[in-house]
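This report describes the fold and selected local features of a single protein chain.

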Amino acid sequence: MSLAETREVMDTLQQISGILNTGLTPEILTTVVQLCELGINPEALASVIRELRSAAAALEETSQET
């Protein structure tokens with residue numbers, strides 16, 4: 001795949017990510033795609049991302065209470 005094709009694919013994925021309101025930055029989306037290309041299960045990866053977001057939100061809430 002050429003560099004131009006790769007950029008086009010990533011631009012399209014970023015647009016889809018935005019439409020779905022995933023909250024993934026372009027850098028994170030690139031990392032997620034790379035992990036999937038390496039064979040990481042996409043569903044497991046999505047689960048980890050959700051868990052990390054929940055943990056981050058809980059930490060944020062705890063730090064605001066103190």
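The sections below proceed from the overall architecture to the helices and then to individual residues.

## Overall architecture

The structure is a predicted model. The protein contains 3 helices and 0 strands, and its elements follow the order α-α-α along the sequence. Helix H1 covers residues 3-19, helix H2 covers 26-37, and helix H3 covers residues 42-65.

## Dimensions and surface

The radius of gyration of the protein is 15 Å, whereas a compact globule of 66 residues would have a value near 11 Å. The C-alpha trace spans about 50 × 25 × 15 Å along its principal axes.

Of the 66 residues in the protein, 11% are buried. The accessible surface amounts to about 5,400 Å², and carbon and sulfur atoms account for 60% of this area.

Helix H1 comprises 17 residues. From its first C-alpha to its last it reaches 24 Å, close to the 24 Å expected at 1.5 Å a residue.

Leaving out residues up to four places away in sequence, Ser-17 touches Thr-22, Leu-24 and Leu-29.

Gln-14 is likewise found in helix H1. Its relative accessibility is 25%, so Gln-14 counts as partly exposed; this class lies between the cut-offs of 20% and 50%. With neighbours within four places in sequence set aside, Gln-14 is in contact with Leu-24, Thr-25, Pro-26 and Leu-29. As a general point, an α-helix has 3.6 residues a turn, so residues three or four places apart point the same way.

Asn-21 is placed in the loop between H1 and helix H2.

Is Asn-21 buried or exposed? Asn-21 counts as exposed because its relative accessibility is 66%, over the cut-off of 50%.

## Packing of H2 against H3

The packing of two helices is described by the angle between their axes and the distance between the axes. For H2 and H3, the angle is about 145 degrees and the axes are 10 Å apart. The crossing of H2 and H3 is right-handed. On the H2 side, the contact is made by Val-32, Leu-35 and Cys-36; on the H3 side, it is made by Pro-42, Leu-45 and Ile-49.

## Helix H3 and distances across the chain

Ser-47 lies in helix H3. Ser-47 is partly exposed because its relative accessible area is 26%, a value between the cut-offs of 20% and 50%.

How far apart are the C-alpha atoms of Ser-47 and Glu-5? They are separated by 29 Å, and the two residues are 42 residues apart along the chain. For Gln-14 and Glu-61, which are 47 residues apart along the chain, the separation of the C-alpha atoms is 29 Å.

Notes:
Residues are numbered from 1 along each chain as its sequence is written. This is a predicted model: local features need pLDDT of at least 70, side-chain atom pairs count only at pLDDT 80 or more; totals for chains, interfaces and linings use all residues. Side-chain values use heavy atoms; hydrogens and water are left out. Helices (H or I, at least four residues) and strands (E, at least two) are DSSP runs, numbered from the N terminus. The radius of gyration is taken over C-alpha atoms; the globule rule is 2.2 Å times the number of residues to the power 0.38. Buried means under 20% relative accessible area, exposed over 50%, partly exposed in between (1.4 Å probe, protein chains only). Accessible areas come from the Shrake-Rupley method with a 1.4 Å probe; for residues, only the protein chains shown count as cover. The expected span of a helix is 1.5 Å times one less than its number of residues. Axes are lines fitted to C-alpha atoms, for helices over the stretch in contact, and angles run from 0 to 180 degrees between N-to-C directions. A crossing is left-handed if the near helix is turned anticlockwise from the far one by less than a right angle, and right-handed if clockwise. Contact means heavy atoms within 4.5 Å.
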